[in-house]
Amino acid sequence: MRILNVITSNPGKLVEFQRALGNDFELVHLPVGYTEVQTDSLEEVVERGIDELLSRGLDDFIIDDSGLFVDSLSGFPGVYSAYAFKTLGNAGLLRLMEDERNARFRCCIGCHTAEAGRLVVCAECPGSITRDLRGTDGFGFDPVFVPDGQDLTFAEMGLADKNHISHRGLAITAFARELGGRLDR
Ligand code: IMP
C-alpha cells in the first residue's frame, strides 16, 4: 500500500480522492500549508506549490486548487474564488454580471512522489451563470452555475451527478488514471 499525503485546507476532499484512487493508496491528511503565488493561473499556483513543498523536504503529496472563471469578468474570480466567495458571495457575483453569462470551473491537481515524479492534471467544466440563486446542495458558487448541456445548477443536481461532470470530478479521474499508469510501468 502506497501512502499519499493530501495537503488541503478542506479534509472533505480526501473522500473524493480516496474513491478515485481506490485501495492501492492510503490517503493521509497533512495539515501544512503552502504559499499561493499571485498569478492568474491555477497551473502556476500548483506548480509553485509543488516546488515549495519539495524544497521543504516533503514528498509523496497531492495538492489541488480550483476556481470559477467568468468570461465577461476577464476570468474573475479565478484563483481568487475562495476570497471572492467570502467577501462578495453569490449575490455579489450576480450583481457584477451583465448579459453575457459564460463561465467555467477549473481544477488543477498537483502531485509529486519519489516513484512517479511530478504530475499536474487540470480539467474544466464549461457552463453559464444563472440570474438567480438556485438549489441548496453543495458549496461555494454551486447555486449560480449551470454546466453546459444541463438545466440544473450544481446545487440542484446532487453530489453524485455533479461529480460526473464537474471540474474536480474530471480532474480527479484523469489524475488517478495518469498516476496509476506511471506506477504500472
Ligand atoms: P478550492 O481551491 O477547491 O478550495 O476552491 C476555491 C474556491 O473556488 C472555493 O472556495 C469556492 O468558492 C470555489 N469553488 C471551487 N470549486 C467549486 C465547486 O465545485 N463549486 C462551487 N464553488 C467552487
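A salt bridge here is a side-chain nitrogen of Lys or Arg within 4 Å of a carboxyl oxygen of Asp or Glu. The model is predicted, so to speak for the cut-offs: local features need pLDDT of at least 70, side-chain atom pairs count only at pLDDT 80 or more, and totals for chains, interfaces and linings use all residues. Residues are numbered from 1 along each chain as its sequence is written, and side-chain values use heavy atoms, with hydrogens and water left out.

View 1. Glu52 and Arg56 pair up in a salt bridge, with their closest N and O atoms 2.9 Å apart. Arg56 is partly exposed at 42% relative accessibility (buried is under 20% relative accessible area, exposed over 50%, partly exposed in between; 1.4 Å probe, protein chains only). Arg48 and Glu44 also meet through their side chains, at 3.4 Å from N to O. Why are Arg48 and Glu44 separated by about one helical turn? Because they sit four residues apart in helix H2 (residues 42–55). Helices (H or I, at least four residues) and strands (E, at least two) are DSSP runs, numbered from the N terminus. Arg48 is partly exposed at 41%, and Glu44 is partly exposed too, at 35%.

**View 2. The salt-bridge network.** Shared partners join Glu43, Asp71, Arg104, Arg106 and Glu124 into one network. Across the whole structure, a search turns up 14 salt bridges.

View 3. Of the 15 residues around the ligand, the nearest are Lys13, Ser66, Asp142, Lys162 and Arg168 (near means a heavy atom within 4 Å). Which ligand atom is 2.8 Å from an N or O atom in the side chain of Arg168? A nitrogen atom. For Lys162, a ligand oxygen is 2.8 Å from a side-chain N or O atom, and for Asp65 a ligand oxygen is 3.0 Å away from one. Taken alone the ligand exposes 470 Å², and the protein buries 88% of that (Shrake-Rupley areas, 1.4 Å probe).

Terms used
Polar contact = N/O pair within 3.5 Å; in protein donor to acceptor, adjacent residues only side chain to side chain.
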